[in-house]
Amino acid sequence: MLGDIINEVFSTSGLFTLLMLLLLQAVLGFDNLLYISIESKRVGEEKAPMVRRWGIGLAVLFRVVLLFIIVGLFDAMAEPLFGVYLSKFISGEFTFQALVTMAGGAFIIYTAIKEISHLLTVEFIEHTDGAQPKSVAQAIVKIVAMNLVFSFDSILSAMAIANIKTLDAVGHPVIHYQVWLMAIAIVVSGIAMALMADPVANFLKKNRMYEVLGLFILFLVGVLLVTEGAHLGHLTLFTYAIEAMSKSSFYLVIFVLVVTDIISTNYQKRLWAQKEAELFSDGSEQASRDGADAHINRKQQRV
């Protein structure tokens with residue numbers, strides 16, 4: 001048994017598949033890491049690193065367990081649990097996977113909207129770490145729970161990559177999933193996530209202007225999961241089928257958001273430099289231009 005696993009992992013095809021799985025985990029793990037960074041700040045600055053480590057560690061353990069469960073019960077999970085048929089208003093047949101994906105996406109959307117609303121209403125932005133403080137146990141439970149929601153998408157995507165198709169004795173196709181390769185990819189990605197969690201959280205803390213960008217990305221993740229769950233459940237509203245948001249569209253929107261935010265932030269800093277120069281001078285147009293030039297020079301010196 002152990003020899004077969006070693007041969008499967010260290011074969012040429014196995015190593016290539018493992019590399020593809022690691023790249024997949026890296027791409028799909030960004031939104032998870034973002035959620036962990038935002039949620040962990042609720043317990044305070046001193047306890048946040050511990051929460052991130054325990055949350056990620058337990059999440060990786062449960063994700064490996066979930067991997068074996070999903071592979072073992074894959075066919076059963078694809079069976080509809082119940083259906084809704086209300087004339088021309090709403091219809092659908094919901095599987096366990098569809099319900100979990102939709103519920104998780106809806107919760108992420110709620111979290112993002114709540115955090116954005118909090119940032120818009122709080123009096124002192126620099127001294128707030130969330131709308132409501134949480135205990136260490138509450139934060140860890142939420143991180144683990146949301147990690148499992150994210151796991152459905154990543155595990156199913158991994159199953160599409162790590163499989164070997166063969167024929168049985170009567171010529172029927174049989175799919176063998178390379179479970180151990182997927183488990184190794186999950187553990188390695190978990191280690192990488194644990195190493196990146198603190199730097200990401202510190203970056204968001206020092207650059208609070210990017211926190212809103214992160215929350216909007218989290219909002220898009222929720223939309224992606226809700227539409228994917230609705231598509232899996234064949235949900236239709238007013239005779240219109242809900243289509244899953246494609247991954248290419250998702251990453252394109254994120255790219256546009258990031259570029260727009262960077263340009264907007266740099267423009268705002270230049271405006272602030274102009275206003276600052278005007279306040280400490282006679283308010284002339286020349287002083288405004290001098291302030292903008294000084295801001296550009298400082299930026300070039302940092303580069």
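In which sense do strand 1 and strand 2 pair, and over how many bridges? Hi everyone, let's take that one together, keeping in mind that this is a predicted model. Strand 1 covers residues 82-86 and strand 2 covers residues 90-94, and the two pair in the antiparallel sense over five bridges.

Now over to the helices. Two packed helices are described by the angle between their axes and the distance between the axes. For helix 3, residues 48-72, and helix 7, residues 179-206, the axes come within 10 Å and cross at roughly 160°. Angles over 145 degrees count as roughly antiparallel, so helix 3 is roughly antiparallel to helix 7. The crossing of helix 3 past helix 7 is right-handed.

Who makes that contact? On helix 3, the residues include Pro49, Ile56, Val60, Leu67 and Phe68. Helix 7 contributes, among them, Trp180, Met182, Ile186, Gly190 and Met193.

Last stop, helix 8, residues 211-232. Its 22 residues reach 32 Å from the first C-alpha to the last, close to the 32 Å expected at 1.5 Å a residue. After helix 8 comes His234, with a positive phi near 50°.

Key. Residues are numbered from 1 along each chain as its sequence is written. This is a predicted model: local features need pLDDT of at least 70, side-chain atom pairs count only at pLDDT 80 or more; totals for chains, interfaces and linings use all residues. Side-chain values use heavy atoms; hydrogens and water are left out. Axes are lines fitted to C-alpha atoms, for helices over the stretch in contact, and angles run from 0 to 180 degrees between N-to-C directions. Helices (H or I, at least four residues) and strands (E, at least two) are DSSP runs, numbered from the N terminus. Angles under 35 degrees count as roughly parallel, over 145 as roughly antiparallel, 65 to 115 as roughly perpendicular and the rest as oblique. A crossing is left-handed if the near helix is turned anticlockwise from the far one by less than a right angle, and right-handed if clockwise. Contact means heavy atoms within 4.5 Å. Two strands pair if DSSP finds at least two bridges between them. The expected span of a helix is 1.5 Å times one less than its number of residues.
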